[in-house]
Amino acid sequence: MSVNVEAPSLSPEWVTWLRDYSATARRFTEDEPVHVSSEEERELVAIKAALYARALTLFDGALLLIENDRQLDFRIQSRGIIEAAMYLIALDRDPAYVEKMKDDDYKNRHARAGLHLKAKKFTGSDDVRKMLEDFVAQGLQGAKQIQMGDLLNGSDFERLYHSYRNVSGDAAHVSITSLNRHYIENRDDQSALLIVDPALDENDMLVTVTELGFSMILATLFLMKIKERTDLWDDFQDLTRRYRELGHAARHHVPDEHAQPVA
């Protein structure tokens, strides 16, 4: 049997905050351009700006999902926003992390090229095959994959990695943890319910929206550090104040053992 279990949606106050933050962040991206003095600085600024654009893109997607009460999808979408914030933190602490990101990208491209060549039916042209073979022949050249757990080592924001891992139970791949949301067994009579579009419980909803919001606030602060000026500082200050108030109010409805810290 397939059912949809109803649960309280995210409060209108939270949805309004998400909309307002999205609108303000979009205005922020239209500020004056950032001037750089070297090629190294240009590259670092470009990567940070692209990470912010990615976070905001996913943030807008999360907003669209929760406006349509797609609660689990909203939680899954939050993972990418948290991840973008984690990379911004790592780059702020160590600009040389750019090289690790390049290595990670090279290693992943190298692995994908090998998979294409090993496919039972290769549909590319001879020129494409030769290009892939030459690329794979270069070897890994010492490139290593980034371990997500290392991004925040020693930082003040390690909570984000724990949130990232928890959401990954739903989002990273098909797992027993994620499937448990869709299949509920009644041990008394051996029946089971299949749940389509499962709702989040109150704690999961609070943790998801607070971590998603916290990640976007952090991403904005790190991008502000590289901009010469913005007229939106007061707007973001007010949004952060509202975020804290919403988070603290919501925590009164969640048992202490599940309470999530709010920035």
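The following dialogue examines how several terms apply to this predicted model.

Mentor: In this predicted model, local features need pLDDT of at least 70, side-chain atom pairs count only at pLDDT 80 or more, and totals for chains, interfaces and linings use all residues. Residues are numbered from 1 along each chain as its sequence is written, and side-chain values use heavy atoms, with hydrogens and water left out.

Trainee: Why is Asp170 called buried?

Mentor: Buried means under 20% relative accessible area, exposed over 50%, and partly exposed in between (1.4 Å probe, protein chains only). Asp170 has a relative accessible area of 11%, so Asp170 is buried. Asp170 belongs to helix H6 (residues 159-171).

Trainee: Why is Leu179 called partly exposed?

Mentor: Its relative accessible area is 39%, which lies between 20% and 50%; therefore Leu179 is partly exposed. Leu179 is placed in helix H7 (residues 176-179).

Trainee: What makes the pair of Asp170 and Arg181 side chains a polar contact?

Mentor: A polar contact is a pair of N or O atoms within 3.5 Å; within protein, one must be able to donate a hydrogen and the other to accept it, and residues adjacent in sequence count only if both atoms are side-chain atoms. The two side chains make such a contact at 2.7 Å.

Trainee: How do you know that the length of helix H8 agrees with its number of residues?

Mentor: The expected span is 1.5 Å times one less than the number of residues. For the 23 residues of H8 (residues 202-224) this gives 33 Å, and the end C-alpha atoms are 33 Å apart, so the two agree. Of these 23 residues, 21 are buried.

Methods
Helix = DSSP H or I, 4+ residues; strand = E, 2+ residues; numbered from the N terminus.
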